[in-house]
Amino acid sequence: MLAMDFDSGILSDEPRLMMFHHTTLANGLEVIAELNDRAHSVAAGFFVKTGSRDEMADLAGVSHFLEHMTFKGTPRRDALTVNRDFDRVGAKHNAQTSEEDTFYHVTCLPEYLTPSFDVLADILRPTLREDDFETEKKVIIEEIRMYLDNPMSVAYEAAKTAHFGPHPLGNSILGTVDSITKLRVERMRDYFARRYSPANIVLGFAGKGDWGQLVELAVQHCAGWQGGPATRQADPVRGTGAFQAICREEDLQQTVVGVSDAPPLETEDRYAAHLLATILGDHTGSRLYWELIDPGLADGAELSYQDYNQAGAFFTFLSCEPGETQANLGRIAQIYRTVMAGGVTEEELNQAKNKVLARSVLRSERPMGRLASLGFQWMYRRAYLTLEAELEAFSRVTLGDLRRLLRDWPLWPMTIVSVGPTTDVHRPK
Amino acid sequence: MPDTAPATIEQHKYSNGLVLVGEVMPEVQSAAFTLLIPAGAAYEVAEGLNVGGGAATMVAEWITRGAGSRDSRELLTALDNLGVSHSESAQTLHTSLSAATLGRNLVPALEIFADVVLQPHCDDEEVEPIRALCLQNLRSLEDDPGTKVIYELRRRHFPEPWGRPSPGTVEGISGLTGDALRRFYHAVYRPKGAILGVAGAIDWPRLKDAVGRLFGDWKPRPDPHLSEKPGGPRRDHILRETQQIQIALAHPSATVVSPDYYRARAAVAILGGYSSARLFTEVREKRGLCYSVYASYESQRARAAMLCYAGTSADRAQETLDVIIAEVQRLGREGIEPEELETMRAGLKSSLIMAQESSMSRSSALASDWYFLGRVRPLEEISTELDALTPRSVSDYAAGFVHMRDLTILTLGPTALRFPVDSEV
């Protein structure tokens with residue numbers, strides 16, 4: 001007998017003891033923590049509310065470049081010392097820049113939190129020296145070139161720009177070789193001063209730790225940070241629905257990215273949106289999988305949901321032989337039109353819930369898995385959601401919710417960018 | 001080492017040769033398994049088999065397209081409804097099936113995977129779709145030069161068939177028939193040499209019984225015979241019109257079972273395992289030559305290698321290669337500093353302890369340990385071995401890097417580079 005009913009009793013009888021804490025320092029820095037005595041590690045992270053959407057045209061790529069520059073030196077440490085001081089206590093560190101946020105994080109054994117956090121907090125006040133700046137430009141340019149050798153990255157960037165048009169969500173995160181080459185360190189320092197203000201940052205901890213000690217660390221390292229309020233112009237936007245074909249003769253496969261508007265992160269519909277994307281375009285067992293991958297018509301066909309401040313997008317990804325592209329676009333159009341007309345089934349919804357729930361539980365078993373969602377929830381909603389509450393939010397989604405979602409956020413028509421050796425691709429009728 | 005709840009590791013060998021290794025992890029709700037089957041791409045050229053390159057990958061895809069009482073859709077839907085995240089793939093030596101889910105769904109998941117391994121439908125009508133998928137994967141691989149170069153490096157560095165790329169070839173995949181794939185499946189999917197590592201919220205006695213019931217009928221087969229042929233070429237360039245040039249090197253290293261294993265791991269990590277290591281520091285931080293540069297270690301039972309990699313613009317590639325070679329040789333000539341050894345130890349110990357949080361990570365480590373050693377290495381043992389390393393012992397091992405005998409270099413991109421002359425390296 002297949003388990004067709006959605007299994008909401010997903011967690012064990014014994015609830016894990018996760019304690020949530022928060023405080024705000026006098027300078028506006030918010031500090032949050034979800035602590036769990038049974039974890040083996042602790043994760044700490046600074047969420048800075050700045051990304052490519054906050055950049056003016058002549059600063060294209062500055063948020064991401066700045067993310068690199070924080071690791072290049074502070075008043076107390078040069079680049080080699082930054083790396084060494086993380087590594088010598090076995091701390092795994094990294095950072096990432098998106099359209100909206102720059103997220104710096106470290107995971108380490110609990111007994112090494114103090115020295116690890118010392119480095120992490122230190123790099124959030126970097127020196128931004130000119131010679132380091134000029135050296136690191138070359139690294140950024142190498143990164144840009146690396147992504148230019150990846151057709152999906154090219155298509156994805158181009159699709160965002162085509163869809164959002166002049167709206168800042170269409171900005172490139174990496175910038176271009178040209179914009180990076182022309183960037184001057186003074187402009188970056190100015191951008192830093194405006195955006196890395198304590199009131200624009202959330203400090204989060206997850207895993208094994210003591211709240212009193214964490215607050216002490218935060219105060220010790222961050223209470224002296226200064227800066228005024230930072231604002232974000234978050235205008236809602238609707239996509240252009242444009243079509244673009246970019247010729248890359250050197251590629252063997254054709255790569256297509258489609259974009260449709262979706263619920264913004266401010267709404268509760270984001271859970272329904274994620275489930276819809278799972279039903280239609282998860283990498284396994286979805287409608288796109290059965291229609292395109294299983295019969296071997298494409299080697300990549302997925303749909304995913306991304307939310308932003310006051311905006312959202314469903315991204316369709318297609319990778320296939322150039323000659324099959326037009327037919328595949330027709331198939332995708334048909335799948336989306338069909339679901340818009342007829343909705344999804346109860347079985348599909350339960351199946352998606354079962355998948356999403358199990359994945360969420362697995363992800364939550366490592367502190368880093370919890371830290372990201374903790375920080376973004378707090379940053380944008382000033383809310384704390386336990387894992388159980390998140391699972392509940394998914395389990396509450398009904399077929400009616402999905403019908404309404406499909407009506408309010410049509411998947412088709414969508415903005416389309418096609419990249420590859422053929423330009424004999426056009427919008428399906 | 002800090003106080004952590006001691007892991008409970010159990011093992012059982014079934015009469016057909018299958019080994020089950022289990023680790024009870026009291027703090028997690030999930031459970032995961034990794035099943036290694038000695039059915040990798042290397043066996044495509046086993047004596048008497050000789051199926052085309054890509055058979056292992058095609059069969060790995062075929063076995064989930066209907067098995068036991070379920071057709072393809074029923075099977076994948078059943079796994080989804082059990083909340084099972086899973087993947088099935090062929091590598092060079094093994095085909096591996098791995099899955100993670102909530103603890104209470106582990107045995108139901110294993111029931112489905114037992115069908116996948118023992119009773120796949122192998123419907124002929126699935127062959128063409130799988131062929132089309134695998135041919136497209138090869139095309140996508142061509143569009144992914146960073147990944148492509150590593151497959152091609154292994155193929156040149158290791159003797160045939162130990163570096164055989166699992167994605168296969170266009171000729172191989174195009175020519176494979178359902179009969180050839182079935183022949184491959186029947187010859188190599190066998191219990192002796194198969195290892196099932198399971199970790200998480202598991203009930204050992206129940207698991208042991210279930211696996212015995214589910215896999216007990218797995219009939220032994222004779223071990224296919226593999227004969228070794230030389231690899232090569234040791235210096236090569238693949239022409240592609242790409243933005244970056246890929247640079248990849250391989251050098252022989254000590255295997256997991258070698259008495260030099262820990263010294264070798266330490267040397268590779270100190271060379272290029274993290275951001276304060278030599279390669280990242282010299283190539284990226286100081287000179288800004290690359291975004292991605294690293295050294296890594298990989299091992300089979302009888303051979304192992306250190307790999308070095310960098311991706312860089314054409315006009316910086318020569319300098320990048322020269323700096324990498326110089327750094328490897330400098331490590332060999334001058335040895336390591338005590339601080340570098342401390343940093344390596346801290347990093348590896350931390351990784352090992354933090355991996356205790358992940359049932360997926362542990363299940364993979366259990367299967368891997370068993371493959372190499374026929375036992376599971378406790379954390380304490382690894383820690384003791386790491387503590388026993390000295391700057392002198394690691395430096396002595398690394399001295400072999402000066403001449404870099406049997407080094408393989410492969411580049412991929414718009415221009416070839418000047419390789420060091422063999423007398424220099």
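Me: How many residues lie between β4(A) and β5(A) in their hairpin?

Reply: Four residues separate β4(A) from β5(A) in the hairpin. Note that the model is predicted.

Me: What makes β4 and β5 of chain A a strand pair?

Reply: Pairing requires at least two bridges. Strand β4 (residues 92-97) and strand β5 (residues 102-108) of chain A are joined by six. They therefore count as a pair. They run antiparallel. A:Asn94, for instance, has A:His105 as its bridge partner in β5(A).

Me: How do you know that β3 and β6 of chain A pair?

Reply: The same cut-off applies: at least two bridges. Seven join β3 (residues 42-48) to β6 (residues 201-207) in chain A, so the pair qualifies. These strands are antiparallel. Within the pairing, A:Phe46 stands opposite A:Leu203 of β6(A).

Me: Why are β1 and β4 of chain A called edge strands?

Reply: The open sheet has six strands in chain A, ordered β1-β2-β6-β3-β5-β4, with mixed pairing. β1 (18-24) and β4 each have a single partner strand, so one side of each lacks a neighbour in the sheet. From one strand to the next, the twist averages 10 degrees.

Me: What makes B:Leu196 a contact of B:Phe33?

Reply: Contact means C-beta atoms within 7 Å. Beyond its neighbours within four places in sequence, B:Leu196 is in contact with B:Phe33, and also with others including B:Leu18, B:Leu35 and B:Val211. B:Leu196 and B:Val59 have the most contacts inside the largest nonpolar core, which has 130 residues. A second, separate core has 118 residues, among them A:Ala43, A:Ile123, B:Ala250 and B:Val293.

How values were computed: Residues numbered from 1 in each chain as written. Chains lettered and ligands numbered in written order. Predicted model: local features only at pLDDT ≥ 70, side-chain atom pairs only at ≥ 80, totals over all residues. Helix = DSSP H or I, 4+ residues; strand = E, 2+ residues; numbered from the N terminus. Axes fitted to C-alpha atoms, helices over the stretch in contact; angles between N-to-C directions. Core = buried A, V, L, I, M, F, W, Y, C linked by C-beta atoms within 7 Å. Buried ≥ 20, exposed ≤ 12 C-beta atoms within 10 Å, placed from the backbone. Contact = placed C-beta atoms within 7 Å.
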